[in-house]
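Subject: Handover of a structure and notes on its features

Dear colleague,

I am passing a structure on to you, together with a short account of what was found in it. Please look at the sequence and the model below before reading further.

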Amino acid sequence: MTKLAPALPIEVDSETGVWTTDALPMLYVPRHFFINNHVAVEEALGAKKYADILYHAGYKSAWHWCEKEAECHGLEGEAVFEHYMTRLSQRGWGHFITEQIDLDAGTARVRLENSAFVYQLGKVGRKVEYMFTGWFAGAMDQILAARGSSLRTVAEQTQSAAEPGCDVGIFDVKPLTDTAR
């Protein structure tokens with residue numbers, strides 16, 4: 001295994017200790033700490049309820065992040081989505097690969113390799129990366145809104161590397177309908 005220095009810019013305020021990347025405040029915590037907290041909340045609330053809460057919070061956060069990053073780097077359209085996948089990958093959540101994206105149709109497919117959740121939890125026989133799902137719809141919708149489109153989307157995790165017979169996670173983004181989410 002080759003080790004690399006972080007590929008994303010990290011600045012630490014010498015007075016406050018606040019970490020920033022591209023002028024956005026960040027937290028740096030051990031993976032086990034984050035996932036143990038995540039699992040504890042899931043056990044208390046139930047996976048479905050927790051997934052719903054995280055979907056909406058993640059959607060809102062992805063929208064904000066994409067808006068700020070597009071402005072900071074002068075990005076638009078698919079370049080914003082690709083930048084988001086790159087930064088998520090660089091922050092240790094896993095390796096996010098855009099397999100398909102069509103802004104006009106409001107669709108995307110993201111493949112997740114090397115999931116932090118699967119590394120920590122193992123093959124538990126169910127989808128464990130549901131926290132990411134709202135991120136993809138939030139990113140897509142921010143990009144669509146910036147283009148002047150009223151189209152909105154919904155995302156769904158269709159497989160996880162934590163499930164039997166699966167080596168990667170898959171997330172699909174599609175147009176929101178009256179019956180979706």
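What percentage of the 181 residues in the chain do buried residues make up? The share is 41%. Please bear in mind throughout that this is a predicted model.

Overall architecture

The chain contains five helices and seven strands. Read from the N terminus, these elements follow the order β-β-β-α-α-α-β-β-α-α-β-β. The chain is as compact as a globular protein of its length, because its radius of gyration of 16 Å is close to the 16 Å that the globule rule gives for 181 residues. Along the principal axes, the C-alpha atoms occupy a box of roughly 45 × 40 × 35 Å.

Contacts across the sequence were examined as well. Among contacts in the chain with a separation of 6 or more, 57% are made by residues 24 or more positions apart.

Surface and charge

The accessible surface of the chain amounts to about 10100 Å², and carbon and sulfur atoms contribute 53% of it. Of the charged side chains, 17 are positive and 24 are negative. The centres of these two sets are 6 Å apart.

The nonpolar core

The largest nonpolar core comprises 41 residues. Those with the most contacts inside this core are Phe 81, Tyr 84, Met 85, Phe 96, Phe 132 and Phe 136. Helix α2, which covers residues 47–73, supplies the largest share of the core, with eight residues.

Once neighbours within four places in sequence are set aside, Met 85 is in contact with Phe 96, Thr 98, Val 110 and Phe 136. Two of these partners, Phe 96 and Phe 136, are also listed with Met 85 among the residues with the most contacts inside the core.

Two residues with positive phi

Ala 23 has a phi near 70°, a positive value in a residue other than glycine. Ala 23 is located in the loop that joins β2 (19–21) to β3 (24–26). Its relative accessibility is 68%, so Ala 23 counts as exposed.

Asn 114, likewise not a glycine, has a positive phi of about 55°. Asn 114 is placed in the loop between β5 (107–113) and α4 (116–121). With a relative accessibility of 41%, Asn 114 counts as partly exposed.

His 95 is partly exposed, with a relative accessible area of 35%.

Is Asp 102 buried or partly exposed? At 31% relative accessibility, Asp 102 counts as partly exposed. Asp 102 and Val 173 are 71 residues apart along the chain, and their C-alpha atoms are separated by 9.9 Å.

Yours sincerely,

A colleague

How values were computed: Residues numbered from 1 in each chain as written. Predicted model: local features only at pLDDT ≥ 70, side-chain atom pairs only at ≥ 80, totals over all residues. Heavy atoms only, no water. Core = buried A, V, L, I, M, F, W, Y, C linked by side-chain atoms within 4.5 Å. Buried < 20%, exposed > 50% of the residue type's maximum accessible area, 1.4 Å probe, protein only. Helix = DSSP H or I, 4+ residues; strand = E, 2+ residues; numbered from the N terminus. Contact = heavy atoms within 4.5 Å. Rg over C-alpha atoms; globule rule 2.2 N^0.38 Å. Areas by Shrake-Rupley, 256 points an atom, 1.4 Å probe, with all protein chains shown as cover. Lys, Arg positive; Asp, Glu negative; His and termini not counted. Charge placed at Lys NZ, Arg CZ, Asp CG, Glu CD.
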